[in-house]
Amino acid sequence: MMRFLGAIFLSLSLWAGAVEAQDLTPASTRDADAVIDSLPDLARQAIPLYREENRARYLNTLFRLQSVAGDHRAANDTLQALVELRSVSDPGNVAPLRAFQVAQRAWLDHAANGPVTEGRVRSAFRAVFEPLSDLDASRAMHWLKGDADGLRANLHEAAMKQLGVARMPLPDALGLIRTQYLLTTFETLGPHTDALVAEDDARRYIVDARGLVRTPDGADIATVLVRPRAAPGPLPTLLRYTIYVNEQAMADARSAAACGYVGMVAYTRGKGWSPQAPVPYEHDGDDARAVIDWIARQPWSDGRVGMYGGSYDGFTQWAAAKRLPKALKTIVPWVANNPGNGLPMENNVFLFVNHAWPFYVTNDKALD
């Protein structure tokens, strides 16, 4: 959901600047499919009309217009110009463009040599990601995925609003074209993303995605561990201890490793592939201490562990710190859960979320 919302925000933010008031002529608006089929022609009409004083915004829209219009070579060149511009003026905003670079390269190859095959997507991915530093690649990874189903529904809904129109305002056309571009991007990359990311991770890191750490009382804690392959020696470890089992674990561990640490995410006992029953709160302090002690004994560890995270993950840090594990050197909690203060009641009012939450995290090994 966060990736989808991020993609939508990225799409909508592209036309925050002024757009000249111009109308376009769609080939047909008899139904939503006809409106969508007319988008390449509308994109060709829009290219000479679209104006934007901010050059970054202009390029950010232009390459999408060119791509939907079918001119993938021009789109690839415009996108590259945008990457170079942002690299100087707005480097923090380069990462979202990497997915588009992969897609544009695949489509450019397709235009010259035939269908967009898995091999073409892989070749495009390698061309874009292999030159990147670990940190830049890590920042770009999560932009490779988007909610194609949600975008498809949004595109259809927006197209329905144009039924029967003879002239389409340029801003309306730009909104449709941007959504179409995002949809096509994620349809192209989606089937291959997991394999490509795993390949890139294996090149950069040593990954144990299904580890288990045994506690003194015999429980098993599920862990995700990522270590930089190029580490010159033992490293400090950044640990996130959480009850929330999802794909964010790999992203967090990778992010830490990309910054030169060992990255680890550990789950509350009973979660993930831990064989015990899930039990929130009760064992987290002792179990986190067991994980920290285990880390400190590993040959890749320099004996220093830091913890971070918010909400439940903030609570687990305070719970661990209370046990005073020798290797725990710092904690970085935010909005930490505070049982007894808002959990389960606030000012004698029972908070409904506190009724739903235990089922959400304990009904199965992931999240219900």
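Which residue in β6 is the bridge partner of Arg-240? It is Val-265, and the pairing behind this bridge belongs to a sheet that the following paragraphs describe. The model is a predicted one, in which local features need pLDDT of at least 70 and side-chain atom pairs count only at pLDDT 80 or more, whereas totals for chains, interfaces and linings use all residues. Residues are numbered from 1 along each chain as its sequence is written, and side-chain values use heavy atoms, with hydrogens and water left out.

The chain has 368 residues, of which 48% count as buried; buried means under 20% relative accessible area, exposed over 50%, and partly exposed in between, with a 1.4 Å probe and protein chains only. Its secondary structure comes to 15 helices and 10 strands, where helices (H or I, at least four residues) and strands (E, at least two) are DSSP runs numbered from the N terminus. Along the principal axes, the C-alpha atoms fill a box of roughly 70 × 55 × 35 Å. Contact is defined as heavy atoms within 4.5 Å. Among contacts between residues at least 6 apart in sequence, 69% join residues at least 24 apart.

Six strands form an open sheet of mixed pairing, in the order β3-β4-β6-β5-β7-β8; two strands pair if DSSP finds at least two bridges between them. Strands β3 (205–214) and β8 (328–334) stand at the edges with a single partner strand each, so one side of each is left without a neighbour in the sheet. From one strand to the next, the twist averages 20 degrees. In general, strands of a sheet pair through backbone hydrogen bonds, either parallel or antiparallel.

Axes here are lines fitted to C-alpha atoms, for helices over the stretch in contact, and angles run from 0 to 180 degrees between N-to-C directions. Helix α13 (residues 284–297) also packs on the sheet, touching β3, β4, β5 (235–242), β6 (262–267), β7 (301–310) and β8. The direction of α13 makes about 160 degrees with that of β5.

Strand β5 has seven of its eight residues buried, so it is largely enclosed by the rest of the structure. It pairs with β6 in the parallel sense over six bridges. With β7, β5 pairs in the parallel sense over four bridges, and Leu-239 has Met-307 as its bridge partner in β7.

Helix α11 also packs with α8 (residues 134–141), at an angle of about 160 degrees and with the axes 12 Å apart. The two helices are therefore roughly antiparallel to each other, a term for angles over 145 degrees. In this contact, Asp-134, Ala-137 and Met-141 of α8 meet Val-197, Asp-200 and Arg-204 of α11. By class, the contact has three nonpolar, no polar and three charged residues; Ala, Val, Leu, Ile, Met, Phe, Trp, Tyr, Cys and Pro count as nonpolar, Asp, Glu, Lys and Arg as charged, and the others, Gly among them, as polar.

Beyond the sheet, Asn-337 is found in the loop between β8 and β9 (345–346). This residue is buried, with a relative accessible area of 18%. Leaving aside neighbours within four places in sequence, Asn-337 is in contact with Tyr-281, Ser-311, Tyr-312, Phe-315 and Leu-343.

Terms used:
Parallel < 35°, antiparallel > 145°, perpendicular 65-115°, else oblique.
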